[in-house]
Amino acid sequence: MSDTTSRFVVSADWVEKQLGNTGFKVVDAAWYLPAHKRDAKAEYASGHVPGAVFFDQDAIADHSTGLPHSLPSPEFFAAEVGKLGISETDTIVVYDGPGFFSAPRVWWMLRTMGAKDVFVLDGGLDGWKAEGRGLEAGDTTPTAVVFTPKFRADKVIPFETMRAIVDDGSAQIADARGAGRFTGEEAEPRAGMRSGHMPGARSLPATSLSASGRFKDIATLKAMIADAGIDLSQPVVTSCGSGVTAAVITLALESVGHDDNALYDGSWSEWGSRQDTPVVTGPADPVKG
């Protein structure tokens, strides 16, 4: 790794060299929106990084919230991830298809639950395939292990805390949705949801933080974060549509050395579907100098 690239992002070359090593685990964390017209489970079955296990973000979730793929309890998470053969002491590499869509969410989940050596594969599975690297088809049957959770509650923002942050401005809000959804010019993909953004939020689309499946370099990430009106000396809460791509901003923040951040798990699925939450349309307010 160089000082120009994220310490949390690893190359396909490096991953290929580690395959099969004791304590080295690979996780296929692909998850897609209907608009992607991709089937994560079918793609995994047809060919994945050798030894990778499939992490189902809709199954390893809290199903009592009424919201999509909410963060589950540490006990449930630990039990399910242990069944995948993953321990909190392993070196874990997470990937998705395009590179930086759904993989950072599982990277964030694992770290929030206490795993320390967690990375994201640069280029994703699409890049791995394009380079002609080896694939394994079918299901992987891992040997279950114990994952001992060490839950970092400070990394997760529940609704009431988010409401207080919007009211008192105690943290900056970085919104990972596309610009059209942020301004309210584009409708939300989920029915019954208002368009727009939380008062005071800044727009930093998750898709802008990578190019051709490769995560942008540290200097570029810092510049993009600053251009969005986010001050790296202050706390940040990341948000998106349903808590998935918010983690791409989290990855960018952590990559540039900002650790005073948390993720609003309910994100717009929660905020935009309620009738008692303030919603603003149009561009973000000017940055106060």
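Predicted model: local features only at pLDDT ≥ 70, side-chain atom pairs only at ≥ 80, totals over all residues.
Reader: How many helices and strands does the protein have?

Author: You can find 10 helices and 12 strands in it. The C-alpha atoms fill a box of roughly 50 × 40 × 35 Å along the principal axes.

Reader: What radius of gyration would a compact globule with 289 residues have, and what does the protein have?

Author: The idea is to set the model's value beside the one from a simple rule. For 289 residues, a compact globule would come out near 19 Å; the protein has 18 Å, so the two agree. Of those 289 residues, 53% count as buried.

Reader: Which strands does strand 2 pair with?

Author: Strand 2 (residues 24-28) pairs with strand 4 in the parallel sense over 5 bridges, and K25 has I92 as its bridge partner there. Strand 2 also runs parallel to strand 3, joined by 2 bridges, with V27 opposite V53. Strand 2 is mostly covered too, since 4 of its 5 residues are buried. Further along, strand 4 (residues 91-95) and strand 5 (residues 118-121) pair in the parallel sense over 3 bridges, and V93 stands opposite F119.

Reader: What unit do strand 2, helix 2 and strand 3 make?

Author: To read this, follow the chain from a strand, over a helix, into another strand. Strand 2, helix 2 (residues 40-46) and strand 3 make a right-handed β-α-β unit.

Reader: Which strands pair with strand 12?

Author: Strand 6 (residues 156-157) pairs with strand 12 in the parallel sense over 2 bridges, and I157 has Y264 as its bridge partner. Strand 11 (residues 236-239) also pairs with strand 12 in the parallel sense, over 3 bridges. There, V236 stands opposite N261 and V237 stands opposite A262. You can trace a right-handed β-α-β unit here as well, made by strand 11, helix 9 (residues 246-255) and strand 12.

Reader: Which way do the residues of strand 12 point?

Author: Look along the strand and sort the side chains by direction. In strand 12 (residues 261-264), N261 and L263 point one way, A262 and Y264 the other way, and all are buried.

Reader: Is N261 buried or exposed?

Author: Compare the relative accessibility with the cut-off: buried means under 20%. N261 is at 5%, so N261 counts as buried. The side chain of N261 joins that of E254 in a polar contact of 3.0 Å. Leaving out residues up to four places away in sequence, N261 touches D154, K155, V236, T250, L253 and E254.

Reader: Where is the place of T140?

Author: T140 is in the loop between helix 5 (124-130) and strand 6. With a relative accessible area of 25%, T140 is partly exposed.

Reader: Which residues is T140 in contact with, leaving aside its neighbours within four places in sequence?

Author: T140 is in contact with Y44, H48, G51, A52 and V53. Its side chain makes a polar contact with the side chain of Y44 (2.9 Å) and another with the side chain of H48 (3.5 Å). In sequence, T140 and H48 are 92 residues apart, yet in space they are 9.8 Å apart, C-alpha to C-alpha.

Terms used
Residues numbered from 1 in each chain as written. Heavy atoms only, no water. Buried < 20%, exposed > 50% of the residue type's maximum accessible area, 1.4 Å probe, protein only. Pairing = 2+ DSSP bridges. Right-handed = clockwise from strand over helix to strand, strands pointing away. Rg over C-alpha atoms; globule rule 2.2 N^0.38 Å. Polar contact = N/O pair within 3.5 Å; in protein donor to acceptor, adjacent residues only side chain to side chain. Contact = heavy atoms within 4.5 Å.
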